Amino acid sequence: MASRLNRVYRFKFYLNANHFIIINGVEGETHPHTWEFTVDILIDNNEFVQFTEYESAINAFLDKYQNQVMNDFAPFDHLVPTLENISEYFILEIRDLVEKRNGHLIKMESSETPTRSYIISFEEDEDFRRLSAAKRLEHIDETVEKIVDRLV
C-alpha cells in the first residue's frame, strides 16, 4: 500500500503596484512597491497536482492590481493599503482560491522590501488543527496497516 504524504507546496508571487498611506489624516505620496507573497499550500491527496492550477488562479487574482494604484480598488479605497491590511485581505481571498482546488492554505508571507515581512498563518486556526490531526491519524493508521501486512 502506498504511503500518504502530507505535501506542502510553496509558491512565490510578485505584485508591482503603487499605493499611498494616510498617517494622522495626511495623505502621503503615491509610491511603487514590488510586493512578494509567499504562500504555503497543503495538498491532502496523493494525486498529481499541477502547479499551474494554483499559480494561474492566484496570478489572475493579483493581475487586477498589477501596475495600478491599490487605493483605487475596494477595500483599499476606504482601508489604508498598508502591508498588513493588504496581506489580511489577500490571504482570505487566496485561501478561497486554494480551497476550490482542494488545497489548504497554511500561511502567507508578505514583503514590501527584502528586509521586512509580515506573516499570517492558519496553523493555530481550529479548523486547520482538526485537519492536521485527522491527517496524522490517517498516516498512523496506514503505517500500522503496512506493518501488520508485513507481519502476516
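Q: Which side chain meets that of Glu112 in a salt bridge?
A: This is a predicted model, in which local features need pLDDT of at least 70 and side-chain atom pairs count only at pLDDT 80 or more, while totals for chains, interfaces and linings use all residues. Side-chain values use heavy atoms, leaving out hydrogens and water, and residues are numbered from 1 along each chain as its sequence is written. A salt bridge needs a side-chain nitrogen of Lys or Arg within 4 Å of a carboxyl oxygen of Asp or Glu. At 3.0 Å, N to O, the partner of Glu112 is Arg116.

Q: Does Glu112 count as buried or exposed?
A: Let's set the classes out: buried means under 20% relative accessible area, exposed over 50%, and partly exposed in between (1.4 Å probe, protein chains only). Glu112 has 17% relative accessibility, so the residue counts as buried.

Q: How many residues apart in sequence are the parts that Asp40 and Arg10 tie together?
A: The structure holds 2 salt bridges, and one of them joins the side chains of Asp40 and Arg10 at 2.7 Å, N to O. Asp40 lies in strand S4 and Arg10 in strand S1, so the separation of the parts they tie together is 30 residues.

Q: Which of the classes, buried or exposed, does Arg10 fall into?
A: Side chains of opposite charge can pair when their charged atoms come close. Here Asp40 is buried, with a relative accessible area of 6%. Arg10 has a relative accessibility of 55%, so this residue counts as exposed.

Q: Which side chain makes a polar contact with the side chain of Ser110?
A: Ser110 sits in strand S5, residues 103-113, and is buried, with a relative accessible area of 0%. A polar contact is a pair of N or O atoms within 3.5 Å; within protein, one must be able to donate a hydrogen and the other to accept it, and residues adjacent in sequence count only if both atoms are side-chain atoms. At 2.8 Å, the side chain in question is that of Ser87.

Q: What covers the buried residues of H2?
A: The buried residues of H2 include Ser87, Phe90 and Ile94. Contact here means heavy atoms within 4.5 Å. The cover includes strand S1 (7-19), strand S4 (31-43), helix H1 (51-63), S5 and strand S6 (116-121).

Q: How far apart are the end C-alpha atoms of helix H2?
A: Helices (H or I, at least four residues) and strands (E, at least two) are DSSP runs, numbered from the N terminus. H2 has 17 residues, 83-99. The expected span of a helix is 1.5 Å times one less than its number of residues. That gives 24 Å for H2, and the model agrees, because its end C-alpha atoms are apart by 24 Å.

Q: Where in the protein is Thr38?
A: Thr38 is buried, with a relative accessible area of 8%. Leaving out residues up to four places away in sequence, Thr38 touches Arg10, Phe11, Lys12, Lys107, Met108 and Glu109. Its place is in strand S4.

Q: What pattern does the protein follow when read along the sequence?
A: The protein has 3 helices and 6 strands. Of its 152 residues, 35% count as buried. Among contacts with a separation of 6 or more, residues 24 or more positions apart account for 67%. Along the sequence, the pattern is β-β-β-β-α-α-β-β-α.
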